[in-house]
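Please examine the model shown below. The paragraphs that follow lead through its aromatic pairs, its nonpolar cores and one of its helices.

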Amino acid sequence: IYERRFKRSDGTTLWTIVSAAPIVSATGEYVGSFGMFTDITERKKTEEKYQTLFNTMLDGFASHEIICNSRGDPVDYRFLSVNPAFEKLTGIVAADVIGKTVLEVFPDTEPMWIEVYGKVALTGEPIHFENFTKALNRYYEVSAFQPSPNQFACIVKDITSRTIAEEERAKLVEQIQQAQKMESVGRLAGGVAHDLNNLLTPVLGYSELLLNEKIADEIRKGAVEQIINAGQRAKELVRQLLAFSRKQTMEFKPTFMNNVVKDFQKLLRRTIREDIAFETILAPSIPPVKADVGQLEQVIMNLVVNAQDAMQNGGKLIVEVSHCKLDEAFTMNHEGVEPGEYVQLSVSDSGHGMDTETLSHIFEPFFTTKEVGKGTGLGLSTVYGIVKQHNGSILVQSEPGKGTKFLIFIPVTQEAPTSKTETMQSALELLHGDETILLVEDDENVRKLALTILERQGYQVTVATNGIEALEVLALKGETIQLLLTDIVMPKMNGRDLYERAVQMYPHLKVLYMSGYTRDIITHHGVVEEDFQFIQKPFTIRALVTKVRNELDRVV
């Protein structure tokens, strides 16, 4: 049997399969031949088209024979064909691999590849995935399918340029979002300076008053209470600023929306122009939601800034919290909203409003109606993303000349927020200890405060002013020290380097880091959020002794 090409009288080509067999007599003598011609012209045309496509297609294509073990499980794949595009994309030369198996060509092939293609062979279902190839430093999009029972084929696209562009876009979005946060901090700076000066005034004044030994105990107690109160308010003010300025991991916990708005409204007032009337309306009784407070504050800030920009000639801005139950009738008319019980946060303004066309695009990244240089177009897309991360929904009501109202629905939670009714004294009584702690802090005031707190709780404390001094202490007393309490950013040696050297000498040693710096600066000094116990400065007595006790009791 063989293939043969003929030329017809009209000049066209005829492809045939010729089947021939000898004809023999009864005595076994050859007396002639029998032949049969089958027209395969159309099949050959199809094969030629396939070969042309195979050779000229821009995507890489390779076919393989499936090699199975005695149980029928795929264990390797033999190259059957490789097109020029595949050679160009991967650097594989067809002549070098045809007839060889994948493991023969690539002895270090990850088992993952055998498993991935094995799923195609076992199920017959096509798969699609993206992969980064280290050896070639390229990103590929791979589609694998099974053209016949004992074969599989794959189509490969080089998506390096697209992937890099997407990564660069993501970085750009992150940078602009961070710049947007810093812009908000800048707007707050004047008001924050004013508030901090007001908070520092009683701290300094009452401190001077306490130096006078002749004052009555009742006055002395009141002065201390005023200093603590001012310090707590200053700490909260700084926390709110850090929530905007730093990159932070989301921390979802049961939270009352009323408290979020109430605690944030002073900072908002500093942001809003004086020609805008600002009002907050809080419902008398609201169930908690599971949320990240810093992210909710960013949502409110972005919506408030947008509202302000929509009221160039002044107006009214209202932030309201309420409790609602959304039924199926409501959700059927509002895509993406599920029936259930929600806390509703609304931000409404009396600004210029938006038309239907603008409303259809407002949550798209980089879409903005503001003048060039006046907005990034990321504020509302950021809001949308945060709301979705909270399993919530956001709706917009607006008409030209009639203002805008954003409605945010966050589902309620059955979890109760952490109670703060426990008194400091009762908590401190439970947090005593007699272990030995090495305290390393370069700031004298912080060092003295931490030393006083820990010694009053019963701990044996040795101090050092820097990492070098701490290593000297460890060389003498390391066996007796259970906990290293160290600042992170210090001269000569940072806290992470100190602990890494210390734990090599004493593997039993535990560590608690402390710092007043933000997360990105801490990360720059070698500490990442997932692998360290940390307390933020300024800390309260209760916070410090709780963290110390928890770390000492933690089972390694």
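Is Phe152 buried or exposed? In this predicted model, Phe152 has a relative accessibility of 1% and therefore counts as buried. Its ring partner is Tyr77: the two ring centres lie 4.9 Å apart with the planes at 90°, so the pair is edge-to-face. The pair links distant parts of the chain, since Tyr77 belongs to strand β5 (residues 74-82) and Phe152 to strand β8 (residues 151-158), 75 residues apart. Tyr77 is likewise buried, with a relative accessible area of 0%.

The structure holds 5 aromatic pairs. Among them is the pair of Phe54 and Phe61, also edge-to-face, with 5.8 Å from centre to centre and 80° between the planes. Phe54 is buried at a relative accessible area of 8%, and Phe61 counts as buried at 12% relative accessibility. Elsewhere, Phe330, Tyr342 and Phe409 form one aromatic cluster.

An aromatic ring also takes part in an interaction with a charge. Lys44, in helix α1 (residues 41-56), places its charged end over the ring of Trp15, 4.5 Å from the ring centre. With a relative accessible area of 14%, Lys44 is buried because the limit for that class is under 20%. Leaving aside residues up to four places away in sequence, Lys44 touches Glu3 and Trp15.

The largest nonpolar core comprises 39 residues, of which Met257, Ile300, Leu303, Leu317, Leu345 and Ile408 touch the most other members. The elements that give two or more residues to this core include the helices α8 (257-271), α9 (293-309) and α12 (379-389), together with the strands β12 (315-326), β13 (340-349) and β15 (404-411). Helix α9 gives the most, with 8 residues. Ile300 touches Val260, Val261, Phe264, Leu268 and Leu345, again not counting residues up to four places away in sequence. A second, separate core of 21 residues includes Leu471, Leu484, Met493 and Ala502.

Key. Residues are numbered from 1 along each chain as its sequence is written. This is a predicted model: local features need pLDDT of at least 70, side-chain atom pairs count only at pLDDT 80 or more; totals for chains, interfaces and linings use all residues. Side-chain values use heavy atoms; hydrogens and water are left out. A nonpolar core is a set of buried Ala, Val, Leu, Ile, Met, Phe, Trp, Tyr and Cys residues joined through side-chain atoms within 4.5 Å. Buried means under 20% relative accessible area, exposed over 50%, partly exposed in between (1.4 Å probe, protein chains only). Helices (H or I, at least four residues) and strands (E, at least two) are DSSP runs, numbered from the N terminus. Contact means heavy atoms within 4.5 Å. Rings of Phe, Tyr and Trp (its six-membered ring) pair if their centres lie within 6.5 Å; planes under 30 degrees apart count as stacked, over 60 as edge-to-face and the rest as tilted. A charge sits over a ring if NZ of Lys or CZ of Arg is within 6 Å of the ring centre and within 35 degrees of the ring normal.
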